[in-house]
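Me: Please take a close look at the ligand site in this model. I would like one connected account of what surrounds the ligand and how the site relates to the domains.

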Amino acid sequence: MSTNTHPDRFAGKTAIVTGAGGAIGSATARRLAAQGANVVVVDFDEATAQQTVDAITADGGTARVRVADVSDPEQVRGYVDYTLEQFERIDILFNNAAINGQMVPIVDYPLDVYRKVVAINLDGVFYGLHFTLPHMIAQGFGNIVNTASVAGIIGHADHSAYAATKHAVVGLTRVAAAEVAGKGVRVNTLAPGPVNAPMMHANERMQTPDDPMRYRRKVLANIPAGRYAEIDEIASAACWLMSDESEYVHGIVLPVEGAFTSSI
Ligand SMILES: NC(=O)c1ccc[n+]([C@@H]2O[C@H](COP(=O)([O-])OP(=O)(O)OC[C@H]3O[C@@H](n4cnc5c(N)ncnc54)[C@H](O)[C@@H]3O)[C@@H](O)[C@H]2O)c1
């Protein structure tokens, strides 16, 4: 029986993590590798992806970098083919790369930024499903976690493109789960609340540039737990969804957000 700290929890498994040069992706990739998985670290930023691989290797784990832009279907096909070449199977996909876009009203939202947010946050997740599911279905086993957000559950002013894509990720997950639950494959959504990580710190600077802590205080006033999530708390929840401990869990949205959405 595996446990959430067991070094063999993901032994023999191959995992792809997109956005694995970033905060949540890197922490999750490191956790997966520390518990036995071979990890393909996908990011369009080669330097940060390499840092994740170096950290995994230093811990004695196995990982490879694959530079790819998830908004390009050929590059998604490329990371899938690369993973099969390197490790011969794909057991886990953490479909996690995303960007925040801008925080302005819909009427002011730059259309080129809108398209980019949709291309990365939604198309990238769809392509990940499209190209990995055939292999998972063929082997009769697979586990996909798509990263949404509390912005995939509620709508806050000024966050239109991001919230729209994250709501769409929730819908896509439910459809995918229904399509493949009978084929040994699970698909779930992780919905982090604000995380003590660079993406949220950038939001603070964007919203109240004169005093970023002012925006933080406003957000924290809506989080009953009284703090942001730590990166490892999100990685831990992601790994639970990816592990056999959540075996009968399909198509859910798992909020990890200090009761943020409970109290709204
Ligand atoms: N940080 C938060 O507060 C928070 C809250 C809720 C949800 N999330 C979600 O968690 C996930 C990870 O967020 P994070 O905090 O680690 O952000 P992050 O910015 O630290 O990491 C995102 C990574 O994705 C990569 N990326 C962006 N566009 C890409 C593309 N087109 N192709 C390949 N890689 C690309 C970036 O280079 C970066 O390394 C995202 O889906 C985000 O929306 C984050």
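Reply: The shell around the ligand divides into 16 nonpolar, seven polar and four charged residues. Here Ala, Val, Leu, Ile, Met, Phe, Trp, Tyr, Cys and Pro count as nonpolar, Asp, Glu, Lys and Arg as charged, and the others, Gly among them, as polar. This is a predicted model, in which local features need pLDDT of at least 70 and side-chain atom pairs count only at pLDDT 80 or more, while totals for chains, interfaces and linings use all residues. Residues are numbered from 1 along each chain as its sequence is written, and side-chain values use heavy atoms, with hydrogens and water left out.

Of the 27 residues around the ligand (a heavy atom within 4 Å), Ile24, Asp43, Asp69, Asn96 and Tyr162 come nearest. Some of these make polar contacts, meaning pairs of N or O atoms within 3.5 Å. A polar backbone atom of Ile24 is 2.8 Å from an oxygen atom of the ligand, and a backbone N or O atom of Asn96 lies 2.8 Å from a ligand oxygen atom. In Asp69, an N or O atom of the side chain is 2.8 Å from a nitrogen atom of the ligand. The ligand taken alone exposes 820 Å², and the protein buries 92% of that (Shrake-Rupley method, 1.4 Å probe).

The shell draws at least three residues from each of domain 1 (14-193 + 230-255) and domain 2 (195-228), with bounds from an automatic or database domain assignment. The C-alpha centres of the two domains lie 24 Å apart. Across the boundary, 16 residues of domain 1 are in contact (heavy atoms within 4.5 Å) with 11 residues of domain 2.

Methods:
A polar contact is a pair of N or O atoms within 3.5 Å; within protein, one must be able to donate a hydrogen and the other to accept it, and residues adjacent in sequence count only if both atoms are side-chain atoms.
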